[in-house]
Structure formats: structure tokens, C-alpha cells
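Let's take a walk through a protein chain together. Have the sequence and the 3D view ready, and follow along.

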Amino acid sequence: MAGTTGKGHDMIGRITARRGKAVRGLALLAGLGLLAACEEGQMPGFLQARDAAPAEDGAVTRAGGTVERDIEAPEIFQASEAGLWDGRPSLGGVWVAHPDVKDPERVIIRNEQNGQFVIGALFRREREAPGPRFQVSSDAAAALGMLAGAPANLNVVALRREEVAPEPASDPVEPAESAALPAPSDISEGPIDPVAATAAAALDAPEATPSAAPAPAPTPAAAPAAPPRPASALEKPFIQIGIFSVEQNARNTATAMRQAGMVPTVKQQSSSGKTFWRVLVGPAQSKSELSTLLKKIKGTGFTDAYAVTN
């Protein structure tokens with residue numbers, strides 16, 4: 001009878017231990033599930049809040065300290081009319097064309113029907129066609145939420161880049177002495193004056209000889225600076241292939257230019273809270289080189305390419 005009772009206690013102990021392990025395992029799984037739920041809850045916000053979010057005013061700080069901002073220039077071009085995308089794919093990224101344009105411009109294009117806007121290029125529309133006078137590229141239509149064959153009211157305004165000197169930093173305000181100094185406290189007497197003890201220890205210490213001072217470490221030689229890239233004498237030495245609202249489209253265009261034997265540059269910029277990518281080739285060192293380069297680019301199909309400053 002005693003042996004049977006002992007076995008029963010052993011069995012109950014083993015069952016209790018197993019239950020304890022099971023409970024701890026369930027608690028661990030519950031904790032992991034809660035952590036995963038928290039991470040999933042934070043993921044949409046993480047995807048929306050990009051690390052390299054552009055500034056709302058499109059400001060860019062240069063190395064010299066000046067700040068460049070895009071400002072609207074309606075005196076250069078402004079029009080509010082209907083625009084149409086005919087449904088065909090187009091090259092050159094985000095652009096619109098209008099018959100009243102003289103020179104290519106960088107513009108902000110707003111869809112007044114849904115509030116969406118994008119930064120793009122403005123070209124002259126050579127041929128008059130029935131319907132809306134604004135011709136819209138496929139990339140611009142996608143960014144503006146336009147459907148093929150469905151006109152939309154567009155507002156297009158030219159942009160200009162202006163340089164603004166940074167505001168001088170204000171002098172720091174020094175705190176008042178009364179606020180900086182702590183309230184006096186009672187001084188208790190001690191057997192040894194700390195200042196006197198320190199002075200006596202300094203007198204008893206042996207004088208340091210000049211030979212004991214460590215020699216200064218040799219200053220490493222500065223690496224030679226890379227030679228600066230020669231500046232072009234042309235006012236507009238670069239050729240802009242296009243402005244893109246999707247980075248991959250800009251990268252694909254740059255690859256096409258590279259395969260054609262040119263050296264493209266993809267520049268990321270922002271304006272009015274929108275990020276866009278420009279594909280440039282250059283700089284050309286002479287007018288003949290610029291003309292040859294432009295002819296070669298247009299031969300690859302980018303007929304709307306034009307010369308720009310940078």
C-alpha cells in the first residue's frame with residue numbers, strides 16, 4: 001500500500017512538472033504573439049514615414065551655407081485649362097505640353113479635380129489638335145491620377161530656384177549669476193585644510209624633468225586632394241533627359257543613356273513636399289560638344305531633351 005502511494009505521488013509530481021512547462025511555453029508564445037502584433041501595428045506608420053522624407057518647402061542646403069528653394073513664377077508661365085492623356089506610353093518622364101510655351105520650363109502640375117500634384121517639365125506643343133490644349137505624358141497622368149481619354153482640369157505654374165542666405169544664429173542668452181550659483185551652505189570644520197594639504201603634497205613631489213615629457217606624435221601627412229572637375233564655360237552645359245516621379249524609371253533611363261555611350265547623372269530633388277528624380281548628361285565643354293551630345297540623345301528617342309544649367 002505504501003509503495004503504491006509513493007508511485008502515485010511520483011506520477012502526480014511528473015504531471016505537475018509537465019503542466020508547469022506547458023504553461024511557461026504558452027506564456028512565451030503569447031508574449032511573442034503580442035510582440036509580433038505590436039510590430040505589425042507599427043509597420044504601416046513605418047512605411048509611410050520615410051527616413052529621407054523631403055522637406056515640406058523643398059529647401060536644399062548647399063555646402064556654402066546658402067539655402068535653395070523652389071518658388072512659383074506665374075510671370076514666366078501659368079495656365080489653368082483642361083489636359084488630356086491619350087493613353088499611349090511616352091518617354092521623358094513627367095511632362096506636359098502647351099502651344100503657348102516658348103522655352104522648356106520646370107513646373108508644378110496640379111490636378112484641380114482631386115488635389116494631386118507633381119513636379120515635371122513643360123514643353124511647347126507643336127501641333128494643334130482638337131480637344132484640351134494641355135498634352136499630358138503617361139508618367140504625369142499616373143502621378144496626377146488621370147485616366148486615358150478623360151480630360152482633367154490642370155493648373156500649371158513655372159518654378160524658379162532662388163538662393164536665400166541663412167538667418168544668423170542668435171547669440172546665446174547667458175544665465176544670470178544668481179541663477180547659476182547655488183545657495184551657500186554651512187561649512188563644517190575639518191582637521192586638515194584641503195588646499196593646504198594639496199599644496200604640501202605638491203611641494204613634497206619631485207620636480208619633473210624636461211626629458212620625462214613624452215614626445216609629441218608626428219602629424220600624419222594629408223592625403224593629396226583630388227583634382228577638381230573642369231568647369232564648363234557654357235551657361236547651360238547639361239542636357240536634361242527627363243523628370244521622373246518614380247526613381248526606377250529614372251534609373252532605367254540612365255541605363256539606356258549609359259548603353260548608348262554617355263555618362264548620365266540621376267539627381268534626387270524635392271519641391272513642395274514632392275520628391276522627383278532628374279536624369280542629366282554632361283557637362284559639355286563647348287557648344288559643338290553640346291550640340292553633338294543633344295543630337296545623340298534625341299537619336300535614342302528622347303526628343304524632348306534640352307539644355308539646362310545644372
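This is a predicted model: local features need pLDDT of at least 70, side-chain atom pairs count only at pLDDT 80 or more; totals for chains, interfaces and linings use all residues.

The chain has 6 helices and 12 strands. It's made of 310 residues, and 27% of them count as buried. Now think about who touches whom: among contacts with a separation of 6 or more, 76% are between residues 24 or more positions apart.

Next, head inside. The largest nonpolar core holds 20 residues, and F77, I109, F134, V136, L154 and V156 are the ones that touch the most other members. Several elements each bring at least two residues to this core, including strand 5 (105-111), strand 6 (117-124) and helix 2 (138-144). The top contributor is strand 8, with 4 residues.

Finally, find helix 5, residues 247-259. Its 13 residues reach 19 Å from the first C-alpha to the last, close to the 18 Å expected. Which of its residues are buried? They're A250, T253, A254 and M257. Looking down the axis of helix 5, you'd see these buried residues fall within an arc of 100 degrees, so they line one face of the helix. They pack against strands 9, 10 and 11 and against helix 6. After helix 5 comes G261, with a positive phi near 95 degrees.

Note on methods:
Residues are numbered from 1 along each chain as its sequence is written. Side-chain values use heavy atoms; hydrogens and water are left out. Buried means under 20% relative accessible area, exposed over 50%, partly exposed in between (1.4 Å probe, protein chains only). Contact means heavy atoms within 4.5 Å. A nonpolar core is a set of buried Ala, Val, Leu, Ile, Met, Phe, Trp, Tyr and Cys residues joined through side-chain atoms within 4.5 Å. The expected span of a helix is 1.5 Å times one less than its number of residues. The arc is that of the directions from the helix axis to the C-beta atoms.
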